Amino acid sequence: MKPHQEHSEKLERAKKRLAAIKGFYSHLFAYLTINLGFLIIYLVYRYANTGFYEVMEVGFRNWIDWNILFTPLFWGIGLFFHGLSVFGKKPRFLRNWEEKQIKKYMEE
C-alpha cells in the first residue's frame, strides 16, 4: 500500500470517527434540551395556580404524566446505545462481521 493511500484512508477513518462523535453530542444536546423543556412545561402546568391542569380531561392528564416519564426513559435507552456504538467497544461478532464485509467489498 502506498503511503499516500494509507494516509488518505486514515484521514477518512478519522473524519468518520469525528462525525460519529459530533452526531452523538448533537443527539445528547437534543435529548437534554427537549426533555428539560418537557419537564418545565409539565411542572408549570401541573403546579402553577392556573387551574389548566385540573381542567384537562383525566385521560389526557394521564397521557401527559406517562409521557413525561417514558419519553426520557426510552429516548435515554436509545441514547445509551448510541453512546456505546460511538465510544464503547463493539461486540466481537459485530467486529468480525464488519471485517468480513469490508474484505468482501474490497475484493469486488
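Predicted model: local features only at pLDDT ≥ 70, side-chain atom pairs only at ≥ 80, totals over all residues.
Residues are numbered from 1 along each chain as its sequence is written, and side-chain values use heavy atoms, with hydrogens and water left out.

Let me begin with the overall layout. The protein chain has 4 helices and 0 strands, where helices (H or I, at least four residues) and strands (E, at least two) are DSSP runs numbered from the N terminus. Read from that end, the order of elements is α-α-α-α. Of the 108 residues, 10% count as buried, a word that here stands for under 20% relative accessible area, with exposed meaning over 50% and partly exposed lying in between (1.4 Å probe, protein chains only). The chain exposes about 9,200 Å², of which carbon and sulfur atoms supply 68%; such areas come from the Shrake-Rupley method with a 1.4 Å probe, and for residues only the protein chains shown count as cover. If we take contacts (heavy atoms within 4.5 Å) between residues at least 6 apart in sequence, 68% of them join residues at least 24 apart.

Now back to N35, which is buried at a relative accessible area of 10%. Its side chain reaches the backbone oxygen of Y31 at 2.9 Å. Once neighbours within four places in sequence are set aside, N35 is in contact with A30, T71, P72 and W75.

Next, the aromatic residues. Rings of Phe, Tyr and Trp (its six-membered ring) pair if their centres lie within 6.5 Å, and planes under 30 degrees apart count as stacked, over 60 as edge-to-face and the rest as tilted. By this rule the count comes to 7 aromatic pairs. One of them is formed by F24 and F87, an edge-to-face pair with 5.3 Å from centre to centre and 90° between the planes. This pair links distant parts of the chain, since F24 belongs to helix α1 (residues 3-47) and F87 to helix α3 (residues 58-87), 63 residues apart. F24 is buried, with a relative accessible area of 11%, whereas F87 is partly exposed at 40%.

How are the rings of Y25 and F87 arranged? Their centres are 6.0 Å apart and their planes stand at 55°, so this pair is tilted. Because Y25 lies in helix α1 and F87 in helix α3, the pair ties together parts that are 62 residues apart in sequence. Y25 is partly exposed, with a relative accessible area of 47%, and F24, Y25 and F87 form one aromatic cluster.

Not counting residues up to four places away in sequence, G83 touches F24 and G88. The C-alpha atoms of G83 and L28 are separated by 9.1 Å, although these residues are 55 apart along the chain.

Finally, a word about I41, which is found in helix α1 and is partly exposed, with a relative accessible area of 49%.

Conventions. Polar contact = N/O pair within 3.5 Å; in protein donor to acceptor, adjacent residues only side chain to side chain.
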